[in-house]
Structures are given as structure tokens and as C-alpha cells.
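Hi,

Here is the structure I said I would pass on. Have a look at it first, and then read my notes below.

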Amino acid sequence: MNYYEIGQRIRKFRKAYHLSQEQLAEKVQISVTHMSHIETGNTKLSLQVLVDIANALSVQTDELLYDIPQNTKTNMKQEVNEILDSCSMQEMYILLDVLRSIKTALDKYGDMN
């Protein structure tokens, strides 16, 4: 298990959520020094700390343990939010209508395999 890579993934998610090491450490109830050592791979983290970090970052533990494809549900939600943030209210209403229609069609016809 490569603790440096795990630490780098934790850092990537932390920064994506605009959290400082201090803020994440506080959420996880560990010291800032310990958080820094986790992110640099200078210490092994316990299973409980890994779970607490994943919960604080709203990601699956697998996303921290493994270098998985970028199209995870969390990443896709973040991308959708970024798109919505750039929309006017009128555009958001239109997109919401389209999304509801697509979801209804998927629910209705999705089980045709």
C-alpha cells in the first residue's frame, strides 16, 4: 500500500472542497501535524482515520485508496455543480426540466435490456 499516493489523493479532495489542512484535521479530530504527515505519506493512517477523512470529504474510501477513473459519482456531481454555478436562473429552470424528462425516460425505459 502506497501511503504517499493515498495522502496525495486526500490532499486533492481536500483542495477540491477548499479546505485547509487545519479545517480537515478539525473535522476528523486529529492534529494538523498528523494530517500533514498523512498527506505526505510520512505516517500510516488507521482504518478509523481513513473512514473519518472519507466521511469528512464526502467520498468513498476506495476513492482515497485507489487511483480510480475521474468519472466517479462525487466528481460528476462536482462537475454538474460547476456547470449549474455558471447558469442564469432561466437556464437552470430549463436544465431542471430537461433533467427531469431524461430521468423519467430512463426510469421508464431503462429496464428494457
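The accessible surface of the protein comes to about 8,200 Å², and carbon and sulfur atoms account for 53% of that surface. Those areas come from the Shrake-Rupley method with a 1.4 Å probe, and for residues only the protein chains shown count as cover.

Before you read on, this is a predicted model: local features need pLDDT of at least 70, side-chain atom pairs count only at pLDDT 80 or more, and totals for chains, interfaces and linings use all residues. Residues are numbered from 1 along each chain as its sequence is written, and side-chain values use heavy atoms, with hydrogens and water left out.

**Overall build**

The protein has seven helices and zero strands, so the elements run α-α-α-α-α-α-α from the N terminus on, where helices (H or I, at least four residues) and strands (E, at least two) are DSSP runs, numbered from the N terminus. The radius of gyration is 18 Å, well over the 13 Å that the globule rule gives for 113 residues, so the protein is more spread out than a compact globule. That radius is taken over C-alpha atoms, and the globule rule is 2.2 Å times the number of residues to the power 0.38. Along its principal axes, the C-alpha trace spans about 50 × 35 × 20 Å.

Of the 113 residues, 25% are buried. Here buried means under 20% relative accessible area, exposed means over 50%, and partly exposed is in between (1.4 Å probe, protein chains only). Taking contacts between residues at least 6 apart in sequence, 53% join residues at least 24 apart; contact means heavy atoms within 4.5 Å.

On charge, there are 12 positive and 15 negative side chains, and the centres of the two sets lie 2 Å apart. Lys and Arg count as positive and Asp and Glu as negative, while His and the chain ends are not counted. The place of a charge is taken as NZ of Lys, CZ of Arg, CG of Asp or CD of Glu.

**Helix α3 and what covers it**

Helix α3 covers residues 32–40, and Met35, Ile38 and Glu39 are buried in it. Seen down the axis of α3, these buried residues fall within an arc of 95°, so they line one face of the helix. The arc is that of the directions from the helix axis to the C-beta atoms. The cover over them includes α1 (3–16), α2 (21–28) and α4 (47–57). Just after α3, Gly41 takes a positive phi of about 75°.

Arg14 is found in helix α1. Is this arginine buried or exposed? Arg14 is buried, with a relative accessible area of 7%. Not counting residues up to four places away in sequence, Arg14 touches Leu19, Ser20, Gln21, Leu24, Glu39 and Leu57.

In helix α2 you will find Ala25, which counts as buried at 1% relative accessibility. Leaving aside neighbours within four places in sequence, Ala25 is in contact with Ile30, Ser31, Val32 and Met35. Ala25 and Ile53 are 28 residues apart in sequence and 8.5 Å apart in space, C-alpha to C-alpha.

Val28 is also placed in helix α2, and it is buried at 5% relative accessibility. Its contacts, not counting residues up to four places away in sequence, are Met35, Val49, Asp52, Ile53 and Ala56. For Val28 and Val49, which are 21 residues apart along the chain, the C-alpha atoms are separated by 7.1 Å.

**Loop residues**

His18 lies in the loop between α1 and α2. Its phi is near 55°, a positive value in a residue other than glycine, and at 71% relative accessibility His18 counts as exposed.

Gln29 sits in the loop between α2 and α3. Phi of Gln29 is near 65°, again positive in a residue other than glycine, and Gln29 is exposed with a relative accessible area of 72%.

Further along, Gln60 is in the loop between α4 and α5 (61–65). Gln60 is exposed, with a relative accessible area of 56%. Between Gln60 and Thr72 there are 9.6 Å in space, C-alpha to C-alpha, and the two are 12 residues apart in sequence.

Cheers
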